[in-house]
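The following report goes through computed features of one protein model, with attention to the criteria behind each value.

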Amino acid sequence: MSFLYGIAAYAIFSVTFLYAIGFVDGLLVPKTIDTGDATPLAEAIGTNIALLALFAIQHSVMARPQFKRWWTQFVPKSIERSTYVLLASLALALLLWQWQPIPAVVWEIGDPRIAAVVTGLSLAGWLFALTSTFLINHFELFGLHQVTSNLAGRPTPAPHFLTPLFYKVVRHPLYLGLIVAFWAAPTMTVGHLLFAAGMTAYILVGIALEERDLIDLFGEEYRRYKDRVPMLIPWRKSV
């Protein structure tokens, strides 16, 4: 049952992630970031901020070690990560479903060739983020490794500190890819700008919390890595 639960949670994540790409880039999905019924500006901003806050709070609080220690008193450790993935996917799905468009244009690229290049850059950001998860342990990150080990009766291996490929250039390539995906827009509306700014703010807060946890977990090894490798921008030294 744990294994099937983990598979289901991963399937829901996969569908939600693919829909999010179409939602942000305006491709192949029925509702995008700029489509839907118009609502009063104040209502649209308030609703969208609430949706972003719900996603950010769920995503950050459930990832903290203190919450995990409390949470696993009620949820088996083998499905703790799958449950996190499932609830994060549902929070994102709610955001995509209830997002209120604010169609006023901030900038628009008129040349269709340049617009296509910018859309391609956004898609490259999504791919960069996804590839970053496979460079460490995609299946552990999304709970499949844990439920598979439980099915086979094997203990889940202890975490190891790895810095493959992209991680030698920036500490958080996953987040860098997402930021590129959010901001590379040939047409930037106020609604898209609110989404990109809100998600970027959440990412920066999330990095601060995550790095605190990584220092607690890996100690001096992570501190040396943090001193040596920039956080998000490859050509600038991170403080």
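The text below takes up helices, aromatic pairs, individual residues and a pocket in turn.

This is a predicted model, in which local features need pLDDT of at least 70 and side-chain atom pairs count only at pLDDT 80 or more, while totals for chains, interfaces and linings use all residues. Residues are numbered from 1 along each chain as its sequence is written, and side-chain values use heavy atoms, with hydrogens and water left out.

**Two helices**

Helices are DSSP runs (H or I, at least four residues) numbered from the N terminus, and the expected span of a helix is 1.5 Å times one less than its number of residues.

A residue is called buried under 20% relative accessible area, exposed over 50% and partly exposed in between, with a 1.4 Å probe and protein chains only. The buried residues of α1 include Gly 6, Ala 9, Tyr 10, Phe 13, Phe 17 and Phe 23, and among the elements that cover the buried residues of this helix are α4 (77-98), α5 (112-136), α8 and α9. Gly 26, which follows α1, has a positive phi near 70 degrees. In α2, the buried residues include Ala 44, Asn 48, Leu 51, Leu 52 and Phe 55, and the buried residues of α2 pack against α4 and α9.

**Aromatic pairs**

Rings of Phe, Tyr and Trp (its six-membered ring) pair if their centres lie within 6.5 Å, and the planes count as stacked under 30 degrees apart, as edge-to-face over 60 and as tilted for the rest. By this rule there are 20 aromatic pairs. Trp 70 and Phe 74 form an edge-to-face pair, because their ring centres are 5.2 Å apart and their planes stand at 65 degrees. Trp 70 is partly exposed, at a relative accessible area of 43%, whereas Phe 74 counts as exposed at 54%. Phe 161 and Phe 218 make a tilted pair, with 5.3 Å centre to centre and 45 degrees between the planes. This pair links distant parts of the chain, since Phe 161 is in the loop between α7 (144-152) and α8 (173-183) and Phe 218 is in helix α9 (residues 190-218), 57 residues apart. Phe 218 counts as buried, at 19% relative accessibility. Ring pairs also link a cluster that includes Tyr 10, Phe 13, Phe 17, Phe 23, Trp 99 and Trp 126.

Glu 211 lies in helix α9 and is buried, with a relative accessible area of 4%. Which residues does Glu 211 contact, leaving aside its neighbours within four places in sequence? They are Arg 171, His 172, Tyr 222 and Lys 226, where contact means heavy atoms within 4.5 Å. Gly 206 lies in helix α9 and is buried at 9% relative accessible area. The C-alpha atoms of Gly 206 and Ala 63 are separated by 9.6 Å, although these residues are 143 residues apart along the chain.

**The second largest pocket**

A pocket is an open set of points on a 1 Å grid over the protein atoms alone, where a 1.4 Å probe fits, with protein on both sides within 12 Å along at least five of seven lines, and lining residues have an atom within 4 Å of a point. The second largest pocket is lined by 13 residues, and Val 24, Asp 25, Gly 26, Pro 186 and Thr 187 lie nearest its centre.
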